[in-house]
Every structure is written in structure tokens, then in C-alpha cells.
Amino acid sequence: MDHRKRVIELSINDEPYVLAVEPQQTLLEVLRDSLSLTGTKEGCGTGECGSCTVLLDGKPVLSCLMLAVECVNLDITTIEGVGSIERMAPIQEALLEKGGVQCGFCTPGMVLATTAMLNRNPKPSEGEIKRSLEGHLCRCTGYNKVIEAVEATIEKISDTHE
Amino acid sequence: MHLPRFEYFQPSTVEDAIHLLEIQKSGARLAAGGTDLYPRMKYGLTRPESIISLRDIPVTPPTLSQDGILNLDAFMPIKEVVNSRVILDNAPLLSEAAGRVASEEIRYMATLGGNLCQESRCLYYNQGHNFQFIEPCFKRGGDLCYFVPKGKKCLAVYMSDTAPALMCLNAKVNILGSGGEKQIPIEDIYSGDAKHPLELGPTEILSQINIAKLTGSAGWAYKKFSLRGGVEFAGVGVATVLQMGDGKKVCEQAGITVGAIAASPLRASNAESLLKGKEITDSLLKEAAKAAAEEIKVVPHHGYSTPYLQEILRVQTHRALGTAYERVGVVSQK
Ligand SMILES: Cc1cc2nc3c(=O)[nH]c(=O)nc-3n(C[C@H](O)[C@H](O)[C@H](O)COP(=O)(O)OP(=O)(O)OC[C@H]3O[C@@H](n4cnc5c(N)ncnc54)[C@H](O)[C@@H]3O)c2cc1C
Ligand code: SF4
Ligand code: FES
Ligand code: FES
């Protein structure tokens, strides 16, 4: 074993990708630079901002600190797998409605973290929402509108279920 | 930001990991969650030739032994420590402290062992050194300190949230190495030297954490002080346990430990003995908090001054003791 490239298979948004990576390449680099899945953003690269968040088997993780070689055999979900312009996920619609998006740089991370949280617990308290999103820096919205959007999503989901 | 190149190994047993450490010598680093190590590598603070990843090694779920000892696998993710029912029931102080580590994403990635083995930190050290603070300080192998320009030694602070909680619970850790396995009190993994805060040898792995369960007549609390209260390292973190007698009035044994204050977590022994054998009143808790703030030698850090941290330490210790007392008899948090 050395730092020559190795061939790995990744499952991203239910699609298989076979590619050659070096061990020091992070999942973030592979997504953006090798696969052009540029919805995942790099804010800091050191774990502080949350903008690079993706889901691994449904769990939110920071792709800037995950080695790509360690993501084999896991289901990777990126923002490209959550919704599209024609069919937005409820949280995406709510962020638009409530003004929870301005420059949008933090939004993919916020959307994925919210998705993971709501899959685990469809009715989180305000405290739980804040705990789940505390690792996400937003320089534009002041956070309140993001929280409002998450709360609106929770209501929307529970309405459709009742 | 990119990681520097390294050779990569993914052993599937601890024994294989130790064997790799022996072959690779000092050029190798273990990576568990990588949330402490990889940012340091991106900043160029450490440049290991090889990475020995612990991710492929199966994690044993927590168990409670017949004699009431909780055994935790060091490779357990922090998030699982927070959620584990058996930890919540038997060592809720650890659940509370683990829940205050970093952010939700990092809690999913990071491990308990990695949290204990994290490097000490300093405002000048934890950053890139390309355009400022270029000349290496003591911690980077140089001969100066940016924080205390006339200082003779490094004053970086060890900031683990779980460490003070585990020390307060008198945890023991298992260390596996080429020489076999040993079990030592958690205190003994610290060197007291901020430059190399951990006493672990180059081929040693922290493999297990063992905690005696708290009984129903104990109260506990972890109070983490930070300015914003979100993702932030502690200004100080105070862990307390009040072990009460049968009537739940007299304190049989008290534990008060403080993190993010020095090169290792510290125990406030004078404050502990003040409480021992006494009936708990608020004025006694105040007195103990004052004693803790007086006996702990505070290292200023991250913009907090010594007098400020001393006062915060007093206030947080008082609050932690108060919460611990309120919780006496409440076995589990939930
Ligand atoms: C934005 C941010 C915020 C953070 N906030 C906090 C916080 O609030 N509180 C806190 O405590 N920490 C915090 N951290 C630091 C870090 O995320 C945690 O300490 C985490 O628990 C480290 O665990 P890990 O498994 O990721 O460690 P790693 O990075 O994998 O390892 C850390 C060090 O320990 C060594 N190591 C790992 N496992 C073992 C083992 N079993 N035996 C021997 N050596 C081992 C590694 O070689 C490495 O040197 C933060 C980090 C970031 C990036
Ligand atoms: S306290 Fe330590 S890490 Fe910080 S500048 Fe001084 S020598 Fe460097
Ligand atoms: S880019 Fe990963 S946390 Fe900022
Ligand atoms: S919308 Fe601009 S950073 Fe959040």
C-alpha cells in the first residue's frame, strides 16, 4: 500500500461511480473536482463551518474531513440527491418562502443537516433544531429565518401525514 | 484546503494497527474520526508519513459488568456515547459532556478515544503558518512562544470535554501496545507538558474506558462555559459528582474536575475534601466553588484572561455543584 491511486466505487445519490483516488483526497475534493458535483461547498476545509455537509448512510458528516477511500460501501447523499429546481424538497421550499437563503453558500449543508435530523425525529424541539444546526455558519440570514424555515417544514410534514 | 500526501493503512484489528505502528515507527499517526488530526495536517502542524486508520476495526457496544463497571470501546463515535442507553443510565455525566463536544456532524465522525487523545490547542498554533507566526514556536519544535513572548515553555491548553467528566468518574483506561495491555487511571495518560500533553508511547493505542457506575444517591453535572454556546471549545469545563449517603443529605464523596484550563484536566482536591462528610447547603457549595477557583492554577487562553477565567471557574463550579445536588436520586437524565 502506498499513496498511488487506488480504484474505488462510491454510491452517490443512488448512482454508482468508479474512480481512482489518492488516500489523502477528501470526499469533498472528489465530489467537487473529480465528479463535478459542486453543490457541496467548501467554506473552511477544517471542520468549522458545516457547508461541506453530506449524508453517509443518512448521518450528517463533514466531507472536508472524510477521506474518500473511507466512503466505500456507504450511501452518500449530496445536495444534488435531495431535490431539483422542478421538484424541491419541503425544506428547500420553506427556505425560499421564509427568506432562509441569501447568498446560498451555507444552504446545501443546512438542507442536508435538516434532512438527517427530520429523518431521525420528525418533530424536533427548537432546542434540538439548534443543536443539529449549530455546526453551520451562515454569514447572511442571521439564522432566525433558517430556524423558521425548519419549523415550517416540520408543520408541513406533519400536516401531510395527518 | 488539501491534506498532504501520506501512505494509508486500514487495519481491521487493534493488533494489526499496533503491528503497523511498530513497523512505521514515529512517521505514523493513528486516525480515528480525524476531526482533530486532519485540520492539523491541513495547517501543516503535523506531517505524518503514514496514516493508520482505525475506522475498519469493529466497535464493541458498551457493556455493564456484573460488578457494575461500564466498559466502553475507545473507537465508539461520540454521537453513540451521547445516545447510548446504558451510558445514560450508568454514567450520565459522560453523556452530558459528550453532548457538548463540537457540532452534530463532528459528534457523528469523532470517537471517544480521539477526544481523549486530542492535541492541546493555542490561538497562535491552530492555524496555517504561511504569512504570520511563521517562525516555529516551542510546540512546532522552535524556541519561542507567541502567546507569552518571554515565556520559557508552551502554554497550550488541552480542551477535551469528555476528559474532565471521565476523570471525575475515576475512569480507568486500557492501553494496548507492543508490550501488551495495561489498565491505568485516566490521570496517568497526561504528561502535564503542553507541548506533548499525552504520555502514550508511539506504539500505544487507547482501547477501552472503564467506569464504575453511579448509584441512585449520586448527582452529577458538566458545565461548559463558552461565549457563544454553539460550536466552540470550552473556556472552562467543570465536571462534578456528589455521592450522597443513604439519607441523601450528607455528601460521602465529591468529585470536581476542570478541563480546558491547563495542559491536562485538573482535580480540585481541596474543594472536594471541603464537601466530604458534610451536609450539603448552598453556602457550603459556594465555599467549595471558591476553593476550587483558588486552588486550580488557571492558564489564560483564547483571549480569556487569568482573573476572568478564575471568576468563571468559581461561578461554573458553583452552578455545576448546584445542578449535581438537584439531580441526586435522579439516576438517568431522561
Ligand atoms: C470545529 C471543531 C470544533 C471542535 N470542538 C470540540 C469541542 O467542543 N470539544 C472537544 O473536546 N473537542 C472538539 N473538537 C476536537 C475534536 O473534534 C474532538 O476532540 C474529537 O473527539 C476528536 O476525535 P477523533 O476521533 O476525530 O480524533 P482524531 O482526529 O482521529 O485523533 C485525535 C488524536 O488522537 C490520536 N488517537 C485517536 N484515537 C486514538 C486511540 N484510540 N489511541 C491513541 N491515540 C489515538 C490520533 O493519532 C490524533 O493524534 C473540535 C474540532 C473541530 C474541528
Ligand atoms: S503557547 Fe505553545 S503553541 Fe501557543 S504560541 Fe506559545 S509555544 Fe506555541
Ligand atoms: S468546509 Fe467542511 S466544515 Fe467548513
Ligand atoms: S445564506 Fe449566505 S451564508 Fe447562509
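I started with the helices of chain A: α3(A) passes α4(A) in a right-handed crossing (the near helix is turned clockwise from the far one by less than a right angle). The model is predicted, so I kept its rules in mind: local features need pLDDT of at least 70, and side-chain atom pairs need 80 or more. Residues are numbered from 1 along each chain as its sequence is written.

I looked up the angle next. Helix α3(A) and helix α4 (residues 126-133) of chain A have axes 10 Å apart and pack at about 135°. Helices here are DSSP runs of H or I with at least four residues. Axes are lines fitted to C-alpha atoms over the stretch in contact, with angles from 0 to 180 degrees between N-to-C directions.

Then I checked α2(A), residues 90-98. α2(A) passes α3(A), also in a right-handed crossing.

Last, I turned to ligand 2. Its surroundings include Cys122(B), Tyr124(B) and Lys139(B), where near means a heavy atom within 4 Å.

Technical notes: Chains are lettered from A and ligands numbered from 1 in the order in which they are written. Side-chain values use heavy atoms; hydrogens and water are left out. Helices (H or I, at least four residues) and strands (E, at least two) are DSSP runs, numbered from the N terminus.
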